[in-house]
Amino acid sequence: MELGFVSAILPDLSLEEVLKFAAEQGFDTVEVMCWPKGKAERRYAGVTHIDVNELDDAEAGRIRGLTQKYGVSISGLGYYPNPLVADEQEAGVYIEHIKKVISAAARLGIGRMNTFVGRDPARSLADNWALFDERWPGIIEHAEHEGVRVGIENCPMYFTTDEWPGGKNLAVSPAIWREMFSRIPSDHFGLNYDPSHLVWQMMDPAWPILEFKDKLFHVHAKDVRLERDKLREVGTLATPLEYHTPKLPGLGDVNWTQFFSNLTEARYSGPVCIEVEDRAYEGSLDDRKRSIVQAGRFLRNFVI
């Protein structure tokens, strides 16, 4: 496995500065954010360490040169919008950019792009499958043509009343993954697996790994702490941030020993990238850098 981090937590730095920091701290790889330039709609979005709209051959060569200079690879290109949003014009903008990021991954010789399936939170599961069948086959056909594997992160994108009631990402559970992969049975369609999201949904994050081992394209390392006193008060039907808190790996309820035991049993040899969303470490750039270093120190118990 390769140990790295997600670049979204370092929006203040250039791509070269991110790779230099990664090299100095002994990381192998970085998932690089590729949002279109402009105002972010939510936290951790809108980060553009590679502008795929400006990625010509010269820029691609410069980026490859930076990875060689610092000895740090790019694990995948990341862009996480909601392509199943109700507004078709808005969805079209997201889908067009997803395809551009896929093409950029091919041009850079990376072979991985990570995103969300999306969901219209106001529609039923059945109605969302209809949207999925309209919009996603063409995206994966493009990925197949470009030779790029698309990893879907399993975050429900349901935190507060803003995403009520269904959340903004369909791919939240093993049952849905089976359906998703049966509808698009492509070797280029898989998971960017984050264990933390299963914990607060009261699922075992290690259990699905062996069943979906052939679909594990990329892994996010993020932890979560269940606030059990609050959970006793509000129950699981409350909005999720009322009863859980994102944390650095090792500071929450993920059983990392079992998680990595199953990853190794599944013969997973891809990237494991720290995703920092722990507000306790967001006071300054130095705090955010320290959070990556701290998480890396913990995860090196499992990733050599």
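This is a predicted model: local features need pLDDT of at least 70, side-chain atom pairs count only at pLDDT 80 or more; totals for chains, interfaces and linings use all residues.
1. Helix 1 against helix 2. Start with the pair formed by helix 1 (residues 15–24) and helix 2 (residues 57–70): their axes sit 9 Å apart, at an angle of about 20 degrees. Angles under 35 degrees count as roughly parallel, and helix 1 and helix 2 are therefore roughly parallel to each other. As for the hand, helix 1 and helix 2 make a right-handed crossing.

2. Who touches whom in that pair. On the helix 1 side you'll find Leu 15, Glu 16, Leu 19, Lys 20 and Ala 23, and they meet Ile 63, Leu 66, Thr 67, Lys 69 and Tyr 70 of helix 2. Sorted by class, the residues of this contact come out as six nonpolar, one polar and three charged.

3. Helix 3 against helix 4. Next up are helix 3 (residues 88–108) and helix 4 (residues 125–146), whose axes come within 9 Å and cross at roughly 15 degrees. That makes this pair roughly parallel too. Helix 3 and helix 4 also cross in a right-handed sense.

4. The contact list for helices 3 and 4. Helix 3 brings Glu 88, Ala 91, Ile 95, Ile 98, Lys 99, Ile 102, Ser 103 and Ala 106, while helix 4 answers with Arg 135, Gly 138, Ile 139, His 142, Ala 143 and Glu 146. The class tally for the contact of helix 3 with helix 4 is seven nonpolar, three polar and four charged residues.

5. The cavity. The largest cavity contains about 50 Å³ of space. Its lining is made up of Phe 159, Ser 196, His 197, Trp 200, Lys 222, Val 224, His 244, Pro 246 and Glu 277. Helix 6 (196–200) and strand 9 (244–247) each supply at least two residues of that lining, and helix 6 has the largest share, with three residues. By class, the cavity lining has four nonpolar, three polar and two charged residues.

6. For open space, look at the largest pocket, which has a volume of about 840 Å³. It is lined by 39 residues, and those nearest its centre are Arg 42, Arg 43, Tyr 44, Met 157 and Phe 159. Helix 3 and strand 9 are the elements that give two or more residues to this lining. Strand 9 gives the most, with four residues.

7. A cis proline. Worth a check before you set anything up: Trp 164 and Pro 165 are joined by a cis peptide bond, with omega about 0 degrees. Pro 165 belongs to the loop between strand 5 (149–153) and helix 5 (174–183).

8. A positive phi. Which loop holds Met 157? Met 157 is in the loop between strand 5 and helix 5. Its phi is near 50 degrees, a positive value in a residue other than glycine.

How values were computed. Residues are numbered from 1 along each chain as its sequence is written. Side-chain values use heavy atoms; hydrogens and water are left out. Axes are lines fitted to C-alpha atoms, for helices over the stretch in contact, and angles run from 0 to 180 degrees between N-to-C directions. Angles under 35 degrees count as roughly parallel, over 145 as roughly antiparallel, 65 to 115 as roughly perpendicular and the rest as oblique. A crossing is left-handed if the near helix is turned anticlockwise from the far one by less than a right angle, and right-handed if clockwise. Contact means heavy atoms within 4.5 Å. Ala, Val, Leu, Ile, Met, Phe, Trp, Tyr, Cys and Pro count as nonpolar, Asp, Glu, Lys and Arg as charged, and the others, Gly among them, as polar. On a 1 Å grid over the protein atoms alone, a cavity is a set of points where a 1.4 Å probe fits but cannot get out, and a pocket is an open set with protein on both sides within 12 Å along at least five of seven lines; lining residues have an atom within 4 Å of a point. Grid points are joined across faces, edges and corners, and a volume is the space filled by probe spheres set on the points.
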